[in-house]
Amino acid sequence: MRRRIAHKQRVSYFFVGALFLLVCASPSWSAPVAPSKLSAAQSPQNAREAVLAHIAKESGVPVLLPEHPSQGLRGWLSERQSRTLTTKEAQYQFLGEQLLVAQALFQQKTTSERGQGLLVAGESASFAAAHLRSDRWLLARIYQGFILPYISLAHIQRWRDPSRQRLIEAAVGAFERAEEFDVQQRVLEWLLEIGERPPSKSTDLQIDLNTLDWTRGTLASLLAKSSEASRADLERALALLRAIQSPDMKGFKRLQDRIEKRLAANATSPSSP
């Protein structure tokens, strides 16, 4: 007997009015990009299209924006909160509905509505990680297409830096589990560039010291991961680790010690330049 999985969303009623307009819009979506033809390096838009095409294939039904029920939108949200999903097909269909709602909210005018889109997208990623955990490609694409492009919205309302950091860490972890190390490194390089630029009062994405130092340490770990890492990579990894300032990141000190020993061993090796 298959285990019955009940997924209770924590979606706020804040965006009920906005969602009413969305569900009365065009209910269907068709994707021109097949997942098998998508490289991990392509754009967030392609990632979103590939996710929805993949979900349609796995669920066996078209991916549709949820329809407005006769009992009202509040009733629709209540029904979604208590829905019991008994098959993988139903889980994929439910995930597709969530992602379409998130995508539609991202297109709204106010930052509060777009922030709700990030909330829904984050819950979608959590759902996929919990119930579709073997589909690592899917989770990586959700972060690539639905979360990272909108991560600057994480400062809106209740979204504070700790939540932003958790989203970033989850995204990097998803790429690692999918063995997409090139995408993982590009994301880390992007975060490093943001974190090391001068402070600004703009509404563009900014990250705090803990997130910056976590990025430095994680990128250093990735650069030094291979036993055949070049000396240049090891030296850059060491520089990143020495730049860490946050006392919460002391765990990277052991990595720093290991890299220093590797560099010292290479320097004394007869084959070293």
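Helices here are DSSP runs of H or I, at least four residues each, numbered from the N terminus. I am working on a predicted model.

**Helix α2.** I checked the end of this helix first. G60 follows α2, and its phi is positive, near 80 degrees. Then I looked at length. α2 covers residues 44–59, and its 16 residues should span 22 Å at 1.5 Å a residue. The end C-alpha atoms are 22 Å apart, so the span agrees. Next came burial. I found N46, A47, R48, E49, A50, V51, L52, A53, H54, I55 and S59 buried in α2. These buried residues pack against α4 and α6 (136–147).

**Nonpolar core.** I looked up the largest one. It has 66 residues, and L95, I142, I147 and I259 touch the most other members. Helix α4 (residues 88–106) gives the largest share, 9 residues. I then listed the contacts of I259. Leaving out residues up to four places away in sequence, I259 touches A224, L234, A237, L238 and L241.

**Aromatic pairs.** I searched the whole structure and got 2 pairs. F94 and F127 have ring centres 5.2 Å apart and planes at 55 degrees, so I log this pair as tilted. F94 sits in α4 and F127 in α5 (residues 111–131), so the pair ties together parts 33 residues apart in sequence. F94 is buried at 1% relative accessible area. F127 is buried too, at 1%.

F106 and Y150 are stacked, at 3.7 Å centre to centre and 10 degrees between the planes. F106 is in α4 and Y150 in the loop between α6 and α7 (161–177), so this pair ties together parts 44 residues apart in sequence. F106 has 6% relative accessibility and counts as buried, because the cut-off is under 20%.

Technical notes. Residues are numbered from 1 along each chain as its sequence is written. This is a predicted model: local features need pLDDT of at least 70, side-chain atom pairs count only at pLDDT 80 or more; totals for chains, interfaces and linings use all residues. Side-chain values use heavy atoms; hydrogens and water are left out. A nonpolar core is a set of buried Ala, Val, Leu, Ile, Met, Phe, Trp, Tyr and Cys residues joined through side-chain atoms within 4.5 Å. Buried means under 20% relative accessible area, exposed over 50%, partly exposed in between (1.4 Å probe, protein chains only). Helices (H or I, at least four residues) and strands (E, at least two) are DSSP runs, numbered from the N terminus. Contact means heavy atoms within 4.5 Å. The expected span of a helix is 1.5 Å times one less than its number of residues. Rings of Phe, Tyr and Trp (its six-membered ring) pair if their centres lie within 6.5 Å; planes under 30 degrees apart count as stacked, over 60 as edge-to-face and the rest as tilted.
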